Amino acid sequence: MRRPLLSLRAWATAAAMLLLASASVAQDAPRRIAIQIEGKAEFDVIYRRALTNATGAVLGGLIGAGIQAGIESNEDSEKRDAIQPHVVQQAWREFFIQTMTDSLAEKGLETVWIDAGTEPKAGTADMYMVLYPSKFGFRIVDTTSLMMASFVEFEAAYSTKPISGKSKSAKEPFYITDKSQVSYDQLIADPSGISPRIESVLKMAARRLTNKVFYNIK
Amino acid sequence: MKTLYKLTALAALAALLPGCAFTPAQLDVKPHAATQVAGPLKDVGPVKFSATQLEDARPDKARIGWKKNGFGQNTADITTSQPVDQIVESTIDKAIVDSGHTVAGDGAIQIVGTVDRFWFDMDVNFWTVTFIGDVACTLDFVDAQTKQSIYKSKYAGSYSVDKAAGLEKTWTDVMAKALDKLIEDVTLDEDMADALKAHIAAK
């Protein structure tokens, strides 16, 4: 009887090696995350608006409420005008988006950018995220001590399936404040501390979002 | 018709606010049991922590918020049924246990610190009320043997929601969600996870 070219054991070994090799390739291939950004992050300073509310004015009359809200908003806009020139232009993009992209890459995730308003097709990526920027800036975080901190506020929806118009309702709110606190007077007295505080909170928020998505996506 | 609806809602709100404003409210606040947040803390090899021990360092320890009358004046306290430090301690322990670690009396790492903020607020707008929950604490992760600090940081959880109206059930839920966000802040802190990993590796 003629012997086969390869024994059964050799065939089994070759098959096992092939399987292991393909599994290794699959592990090495970066997973992809499709990210869509809807909206724009606005710089804001929330000072007076964090200290008062319009309760009395609302019940005292809608005109009163309007006046009170207007005064508060005006006071805050003066503070915003004083702080904003010291903040890096495009801070959101430069710090948040860049840090998020880098953090995702560190975790083996390649970012695929999707144009706003378009819906990614299934198979575009392994994970999908829609980011809804809202505000970043400074706000009162302790109404007793009047201490402020840099903050960022946004929403995100993420899933292993493409996020369509219907599933966009499952947005998760994120509100993150920087660890260090400062009074408004200190901030204005030393404006060199403004931009690093914004950078710090935007980078921290980007890393937190990356971890939230990476560890909790379903 | 739409304006009439809005005016009716405002009138109902106006009637509701002062109606219950003078009775203190006690909220049973705890994080939602179903909240499970995974993060870098999970990647730290299983650690036995001692139960978290915090000191209440809030400037106002008597309440967690104010009930207000129709003119925005503070009329009665909002408090919690359990002491605030214990609520935050249990919340931190939940974050630790949910991340695959254990909490016991003789843990290798102690978590000590302060509760810096635990506040509930309401901001009444034209047609809605914004309910705001805000919790902040400082945590120090300490080696139980050497008593040396491994990592110290501030953590915070904040949640706000706009509703047409809401009473104690809503307020409790808002504070619970702020605690859920505090868990998230702890669990997702990769600097803390890295510090713990380095400490364990060096032992």
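**Strand pairing and confidence**

Mentor: In E5(A), Tyr158(A) is the bridge partner of Met129(A). Strands here are DSSP runs of E with at least two residues, numbered from the N terminus.

Trainee: How do E4(A) and E5(A) pair, and over how many bridges?

Mentor: E4(A) and strand E5 (residues 147-159) of chain A run antiparallel, with 13 bridges. Two strands count as paired if DSSP finds at least two bridges between them. Their hairpin has four residues between the strands, and Leu146(A) there has a positive phi near 60°.

Trainee: What stands opposite Ile35(A)?

Mentor: Met129(A) in E4(A). Strand E1 (residues 31-37) pairs with strand E4 (residues 127-142) of chain A in the parallel sense, over five bridges.

Trainee: And which sense for E2 with E4(A)?

Mentor: Parallel, with five bridges, for strand E2 (residues 42-46) of chain A. Ile46(A) is opposite Arg139(A) in E4(A).

Trainee: What does chain A average in pLDDT?

Mentor: 82, with 75% of the residues scoring at least 70; pLDDT is the predictor's confidence in each residue, from 0 to 100.

Trainee: Where does it stay under 50?

Mentor: Residues 18-27 of chain A are one such stretch, with zero contacts beyond four places in sequence (C-beta atoms, placed from the backbone, within 7 Å). Residues 54-61 of chain A are also below 50, but have 20 contacts beyond near neighbours in sequence. Where pLDDT is low, predicted coordinates should not be read in detail.

Notes:
Residues are numbered from 1 along each chain as its sequence is written. Chains are lettered from A and ligands numbered from 1 in the order in which they are written. This is a predicted model: local features need pLDDT of at least 70, side-chain atom pairs count only at pLDDT 80 or more; totals for chains, interfaces and linings use all residues. Two residues are in contact if their C-beta atoms, placed from the backbone, lie within 7 Å.
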